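Hi,

Here is the structure I promised to pass on to you. Have a look at it first, and then read on for what turned up in it.

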Amino acid sequence: MGKKDSGKKNKPYNRKALIIKAGIIGVVANFLLAAFKALAGFLTNSIAITLDGINSLSDGLGSIITITGARLSEKAPDKKHPMGYGRIEYISSMIVTVIVLLAGFTSAVESLKSILSPGEIVYDYFSLFIVLVSIIVKIFLSIYMIRTGKKAESKALIAAGSDSKFDAILSLSVLLSALISLYFGISLEAYIGLVISIFIIKAGLSMFKSTMDDILGKRIDRHFLSDIKKTICSDPDALGAHDLILHNYGTGKFTGSVHVEVPDSLTAVDIDLMQRRIYNSVYEKHNVTLEAIGIYALSSEFDPLRDRINDIIRKHKDVLRSHGFFFDPDAHIMRFDIIINYDAKNRDEICEKVKADVQAEFPGWEIHITPDIDF
């Protein structure tokens, strides 16, 4: 089946350019902030300002890794990696997570040392000005990163933007603690540094969980799946779409398979043409490649049997729905799939109970039930 040129093939290149541009801006901004904060921390002997600078440094390193990941992820497929390099973005996200966690733990250790052995802190208006500029820059950087991340569908950029917004709040707390120390002689900066460390670690753990979900393979957005099924069912020969499975090979790069219900009166040629139409329409509208389109043949002759079985299935609260019915009345054989709730404790036992109830209604029939996955 050939791919129809939908004009979407240029999308990854636009996306890469947006990510790289935003990443470069993030690198320059964060490295400059880190340098000025390090200077201010050195001049004032402030652990809070120094740790705020370390946080900006880790953000800059994260931006470099994001750029590298974006560039490598767009490498063309080759013999060793026929599905491309899109998943490199997940690896780069994990590296960024490790950097953030290391920065957080290092900051926590240094803050505890400062609490146990406090040193003299001398704030000046130059260091306070640097912190104030940092707050303003981080706010604008946050807005830019989040907007660009949404446009480029980049979780890494959105996360960086959220992190920048959070950094602005933390820098504000550093500024307030400095003002309190300057005007009231109360030193809170080591404790502020510890609080910053805790929030950095928390953010790192949240990033780790999100990245692990991507690596393990999380549930695809239901609205996206529903839209694809609607596109499939819009074909004149498609009566229903089931078992839609998508595999993610990087942001916005999906391949998958689906089962389509069709009238049993269709010929092989009819089915072949239908599969080609569905393949092209799904690729055009959703940028998804359906590598396999299976067939469920339906006959209205067996509608009463399906209705009777569905009445039985509805009595089992853990069974969400059924599909894929096949009946051979001459051999007295029936087959169908049932989808069982993930919260159900014993899926095999539920399947056996459904089979027993159907068997009681259809004695003498050979019944095959496949417990399906709720995608």
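Which residues of helix 6 are buried? They are Glu189, Ala190, Ile192, Gly193, Ile196, Ser197, Ile200, Ile201, Gly204, Thr211 and Asp214. Buried means under 20% relative accessible area, exposed means over 50%, and partly exposed is in between (1.4 Å probe, protein chains only). Helices (H or I, at least four residues) and strands (E, at least two) are DSSP runs, numbered from the N terminus.

Before going further, please keep in mind that this is a predicted model, where local features need pLDDT of at least 70, side-chain atom pairs count only at pLDDT 80 or more, and totals for chains, interfaces and linings use all residues. Residues are numbered from 1 along each chain as its sequence is written, and side-chain values use heavy atoms, with hydrogens and water left out.

Back to helix 6. This helix covers residues 189-216, which is 28 residues, and spans 40 Å from its first C-alpha to its last, close to the 40 Å expected at 1.5 Å a residue. (The expected span is 1.5 Å times one less than the number of residues.) Val195 belongs to helix 6 as well, but Val195 is partly exposed, at 38% relative accessible area. Val195 and Leu244 are 49 residues apart in sequence and 46 Å apart in space, C-alpha to C-alpha. Just after the helix, Gly217 has a positive phi of about 100°.

Contact here means heavy atoms within 4.5 Å. Leaving aside neighbours within four places in sequence, Ser56 is in contact with Asn30, Leu33, Ala34, Lys37 and Lys138. With residues up to four places away again not counted, Lys138 touches Asn30, Leu33, Ser56, Asp59, Ser164, Asp167 and Ala168.

Each of these two side chains also makes a polar contact: Ser56 with the side chain of Lys37 (2.9 Å), and Lys138 with the side chain of Asn30 (2.5 Å). A polar contact is a pair of N or O atoms within 3.5 Å; within protein, one must be able to donate a hydrogen and the other to accept it, and residues adjacent in sequence count only if both atoms are side-chain atoms.

Now for the strands. Strand 4 and strand 5 pair in the antiparallel sense over seven bridges, with Arg321 opposite Ile339 in strand 5. Two strands pair if DSSP finds at least two bridges between them. Four residues lie between the strands of this hairpin, where His332 takes a positive phi near 55°. Strand 5 and strand 6 run parallel, joined by seven bridges, and Arg335 stands opposite His368 in strand 6. Seven of the eight residues of strand 5 are buried, so strand 5 is largely enclosed by the rest of the structure.

Finally, the largest nonpolar core has 21 residues, and those with the most contacts inside it include Ile309, Phe336 and Val358. A nonpolar core is a set of buried Ala, Val, Leu, Ile, Met, Phe, Trp, Tyr and Cys residues joined through side-chain atoms within 4.5 Å. The elements giving two or more residues to this core are helix 9 (303-313), strand 4 (319-328), strand 5 (333-340), helix 10 (347-361) and strand 6 (366-372).

Enjoy exploring!
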